[in-house]
Amino acid sequence: MASTEGRASGPGLRELTRRAVTAEIAAKAGELFAEQGFEETTVDQIAEAVGISARSVFRYFVTKEDMAVGGMIALGHEVAAAFAARPADEEVWVSLRRALDVCVDAMENEPGGLRRATMLAGTPALRAAIANKHLQWQEALTPYVRERVAAGPAVTGASLDLRTGTLVSAALACLDAAALEWTRVAAARPLGALLDAAMATVRT
């Protein structure tokens, strides 16, 4: 019998099933939010679209707000992984820009991505959830950015934490500004180009 010693154990079937259901709920909720509006969409409608009960929906998401931004939080870990994969000698700001292509691609290529972004930008009830998303993205990115910043030249009067936090926060603020402009012009300009312009503005 083949030995399994030393073999990395992946998630079990139950966890894989949970992830799949969570992703399906978030996807269906996102479609309904984009079509009907966040406030107008009920949990019962989301449950019906997925084919489960409303009570079951709350086994995967605590609130409706979580359904709106849950997938975005997971995207933050993909951004962090993309940053970690960038060349070690690349300028940190450039690496952050390239890592954010993960978000650009997701938003531009997702069916109904523009409508979803417009809904998120125009729903005051989601501001707290979006702020929480930012915090989780910052937490995911910070260790990798700190390592790269530490390897670079020191800046007089600026601690490592200050420089790291400034870079991460500024990059995410640029993404938010670009996404807001993208919704304002109804995708008349590519999101990637708007993000380039936003990040270039910070450097001027």
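Let's start with E108. Leaving aside residues up to four places away in sequence, E108 touches W182, P190, L191 and G192. Keep in mind that this is a predicted model. E108 sits in helix α6. Along the chain, E108 and W182 are 74 residues apart. Their C-alpha atoms are separated by 10.0 Å.

Stay with α6 for a moment. Helix α6 covers residues 101-109, and it packs with α4. The two axes are 8 Å apart, at an angle of about 135 degrees. That angle makes α4 oblique to α6. Which residues make the contact? From α4, we have L75, E78, V79 and A82. From α6, we have V102, C103 and A106. Sort them by class and you get six nonpolar, no polar and one charged.

Next, α4 itself. This helix runs over residues 64-84, and E65 is found in it. E65 is another partly exposed residue, because its relative accessibility is 26%. What does E65 touch? Not counting residues up to four places away in sequence, E65 touches F38, A125, L126 and A129. There is also a distance to note here. E65 and R127 are 62 residues apart in sequence. In space they are 9.3 Å apart, C-alpha to C-alpha.

Helix α5 is residues 92-99, and helix α10 is residues 191-203. Their axes come within 11 Å. They cross at roughly 160 degrees. So α5 is roughly antiparallel to α10. What hand does the crossing have? The crossing of α5 past α10 is right-handed.

Look at who meets whom. On the α5 side it's W93, V94, L96 and R97. On the α10 side it's G192, L195, D196, M199, V202 and R203. By class, that contact splits into six nonpolar, one polar and three charged residues.

Now zoom out to the domains. The domain assignment gives two entries: domain 1, at 11-61, and domain 2, at 63-202. How far apart are their centres? Taken over C-alpha atoms, 25 Å separate the centres of domain 1 and domain 2. The two do touch. Domain 1 puts 15 residues into the contact, and domain 2 puts in twelve.

Last, the whole protein. How many helices and strands are there? Ten helices, zero strands. Read along the sequence, the pattern is simply α-α-α-α-α-α-α-α-α-α. The chain has 204 residues, and 37% of them count as buried. Along the principal axes, the C-alpha atoms fill a box of roughly 60 × 55 × 25 Å.

One more number, on contacts. Take contacts between residues at least 6 apart in sequence. Of those, 67% join residues at least 24 apart.

To recap the two helix pairs: α4 is oblique to α6, while α5 is roughly antiparallel to α10.

Note on methods
Residues numbered from 1 in each chain as written. Predicted model: local features only at pLDDT ≥ 70, side-chain atom pairs only at ≥ 80, totals over all residues. Heavy atoms only, no water. Axes fitted to C-alpha atoms, helices over the stretch in contact; angles between N-to-C directions. Helix = DSSP H or I, 4+ residues; strand = E, 2+ residues; numbered from the N terminus. Parallel < 35°, antiparallel > 145°, perpendicular 65-115°, else oblique. Left-handed = near helix turned anticlockwise from the far one by under 90°. Contact = heavy atoms within 4.5 Å. Nonpolar A, V, L, I, M, F, W, Y, C, P; charged D, E, K, R; others polar. Buried < 20%, exposed > 50% of the residue type's maximum accessible area, 1.4 Å probe, protein only. Domains from an automatic or database assignment.
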